[in-house]
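Work through the exercises below with the sequence and coordinates open. Each task is followed by a stepwise solution.

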Amino acid sequence: MNATWRTHLANEAATKRLAAGLASACMGLASIRPLMIFLEGDLGAGKTTLVRALVKSRGYRGRVKSPTYTLIESYTLGGTQVHHLDLYRVADAEELAYLGIRELVSEPGLCLVEWPQRGVGLLPAPDLRVLLTYVPGGREADVAAFTPAGCAVLDALGQPTGPD
Ligand SMILES: Nc1ncnc2c1ncn2[C@@H]1O[C@H](COP(=O)(O)OP(=O)(O)O)[C@@H](O)[C@H]1O
Ligand SMILES: [Mg+2]
């Protein structure tokens with residue numbers, strides 16, 4: 001069973017392919033249980049790009065807005081809830097209580113959280129963490145699994161694609 005997975009993302013297209021792979025690996029599980037993914041990495045590393053591509057890869061035709069100001073944007077994709085949170089502007093995790101985060105994370109669905117460290121105390125521990133890092137010639141993606149469900153997603157991701 002994998003616990004970590006790493007790949008080089010040479011360009012935005014590679015980030016989008018990873019997003020589509022992640023969607024395929026996650027959505028079945030997320031339809032029957034809550035699945036929590038923390039997205040980490042500096043500003044501009046590609047966290048929002050990844051979520052946008054994940055949502056679009058499941059057939060969503062509308063605009064996928066960054067939740068920088070709204071904190072959360074939710075989608076129903078093939079009957080499964082997908083929640084995109086960006087906590088960059090959250091000063092106090094208690095602000096999240098008003099968004100109904102506790103209820104939301106206890107129901108089946110996929111939660112993708114940018115800047116999860118701002119939600120410490122309110123967010124449950126993640127099943128997976130995707131860390132995006134600037135490297136010469138693009139980004140590196142490090143995916144780590146912390147629960148059996150997270151490991152199942154990593155296994156479903158298969159072999160890293162490597163440079164392209
Ligand atoms: N693998 C990649 N290599 C180079 N540029 C990328 C890659 N993936 C995404 N980008 C670009 O980097 C930027 C990421 O922005 P964004 O997704 O808003 O970052 P974040 O949400 O992490 O702050 C976008 O301009 C996107 O086109
Ligand atoms: Mg972002």
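Predicted model: local features only at pLDDT ≥ 70, side-chain atom pairs only at ≥ 80, totals over all residues.

Residues are numbered from 1 along each chain as its sequence is written, chains are lettered from A and ligands numbered from 1 in the order in which they are written, and side-chain values use heavy atoms, with hydrogens and water left out.

**Exercise 1.** Describe the shell around ligand 1.

Step 1. Collect the residues near the ligand (a heavy atom within 4 Å of it). The ligand is surrounded by 15 residues, the closest being E12, T15, G44, K47 and T49.

Step 2. Sort them by class, with Ala, Val, Leu, Ile, Met, Phe, Trp, Tyr, Cys and Pro as nonpolar, Asp, Glu, Lys and Arg as charged, and the others, Gly among them, as polar. The shell holds seven polar, five charged and three nonpolar residues.

Step 3. Assign them to helices (H or I, at least four residues) and strands (E, at least two), which are DSSP runs numbered from the N terminus. At least two shell residues come from each of α1 (12–30), α2 (47–57) and β7 (138–145). The largest share, three residues, belongs to α2.

**Exercise 2.** Which polar side-chain atom lies 2.7 Å from an oxygen atom of ligand 1, and what share of the ligand is buried by the protein?

Step 1. The atom at 2.7 Å from a ligand oxygen belongs to K47. R139 likewise places a polar side-chain atom 3.1 Å from an oxygen of ligand 1.

Step 2. Ligand 1 taken alone exposes 580 Å², of which the protein buries 73%. Areas come from the Shrake-Rupley method with a 1.4 Å probe.

**Exercise 3.** Which residues coordinate the magnesium ion (ligand 2)?

Step 1. Take as donors the N, O and S atoms within 2.8 Å of the metal (3.2 Å for Na, K and Ca); water is not among the atoms, so sites may look incomplete. The donors are T48 (OG1) and E114 (OE), at 2.1 to 2.2 Å.

Step 2. T48 sits in helix α2 and E114 in strand β5 (residues 109–114), 66 residues apart, so the pair links distant parts of the chain.

**Exercise 4.** Is E114 buried or exposed?

Step 1. Buried means under 20% relative accessible area, exposed over 50%, and partly exposed in between (1.4 Å probe, protein chains only).

Step 2. E114 has a relative accessible area of 3%, so E114 is buried. T48, at 18%, is buried too.

Key. Polar contact = N/O pair within 3.5 Å; in protein donor to acceptor, adjacent residues only side chain to side chain.
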